[in-house]
Amino acid sequence: MDAWDRQRALARTTTFWGAGSIAVGVILAVRSDRWWRAFGQQNAGWGAVDLGIVAVVNALQARRMRRLPDPYAPEALEHERGSLHRVLLVNVGADLAYVVVGAALWRRRHSAMASGAGAAIVVQGLFLALHDAYHAYGSRA
């Protein structure tokens, strides 16, 4: 899989996850239980951000491809692969930081809103960490 295809695969999975997060989040956000409401709101918010990131990344990828004389030339593919790999490794670190912050919030049992939001952050962060790590592994040299 070349770097352009890997980016498209990342975008497809992230789009599916983001849309699902919004759908589940909206359903849960209208519940009367404060924990589930916070969990749902947080998931819907992350889903919206995921979809926004996909839109921006897709536009940037298209622009980079248009600017290259041959985006499938070996040197262009290698440059894109290396860039993608580095970005994904940084993302994995950020994703794991989200999990730590989410876990700290989740432990706040005296605040149903903080705990529910924290649980959602853990779920989102874990998915993104695994997703980004999988694609980082696939994009290594």
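User: What is the relative accessible area of Ile-53?

Analyst: Ile-53 counts as partly exposed, the class between buried (under 20% relative accessible area) and exposed (over 50%), using a 1.4 Å probe and protein chains only. Bear in mind that this is a predicted model, where local features need pLDDT of at least 70 and side-chain atom pairs pLDDT 80 or more, while totals for chains, interfaces and linings use all residues. Numbering runs from 1 along each chain as its sequence is written, and side-chain values use heavy atoms, with hydrogens and water left out. For Ile-53, the figure is 46%.

User: Which residues make a nonpolar surface patch with Ile-53?

Analyst: Ile-53 sits in helix α2, residues 34-67; helices here are DSSP runs (H or I, at least four residues; strands are E, at least two), numbered from the N terminus. Patches take residues with over 30% relative accessible area and no salt bridge, joining nonpolar side chains (Val, Leu, Ile, Met, Phe, Trp, Tyr) within 5 Å and like charges within 9 Å. This patch covers about 240 Å², with areas from the Shrake-Rupley method and a 1.4 Å probe, only the protein chains shown counting as cover for residues.

User: What pattern does the chain follow along the sequence?

Analyst: There are zero strands, and the secondary structure comes to four helices. The C-alpha atoms fill a box of roughly 55 × 25 × 20 Å along the principal axes. Read along the sequence, the pattern is α-α-α-α.

User: How many Å separate Gly-20 and Asn-43, C-alpha to C-alpha?

Analyst: Gly-20 is in helix α1, residues 3-29, and is partly exposed at 31%. Along the sequence, Gly-20 and Asn-43 are 23 residues apart. In space, the C-alpha distance comes to 9.1 Å.

User: Which residue forms a salt bridge with Glu-80?

Analyst: A salt bridge needs a side-chain nitrogen of Lys or Arg within 4 Å of a carboxyl oxygen of Asp or Glu, and the count by this rule is three. The Glu-80 pair has an N to O distance of 2.6 Å. It links distant parts of the chain, 16 residues apart, from Glu-80 in helix α3 (residues 74-106) to a partner in helix α2.

User: What separates Arg-81 and Glu-78 in helix α3?

Analyst: These two form a salt bridge, with the closest N and O atoms 2.6 Å apart. Arg-81 is buried at 17%, whereas Glu-78 is partly exposed at 41%. As they are three residues apart, the separation is about one helical turn.

User: Which side chain of opposite charge is nearest to Asp-132?

Analyst: Asp-132 is in helix α4, residues 112-138, and is buried yet has no salt bridge. Not counting residues up to four places away in sequence, Asp-132 touches Leu-10, Leu-88, Asn-91, Val-92 and Asp-95. The nearest opposite charge is 10 Å away, and it belongs to Arg-6.

Key:
Lys, Arg positive; Asp, Glu negative; His and termini not counted. Contact = heavy atoms within 4.5 Å.
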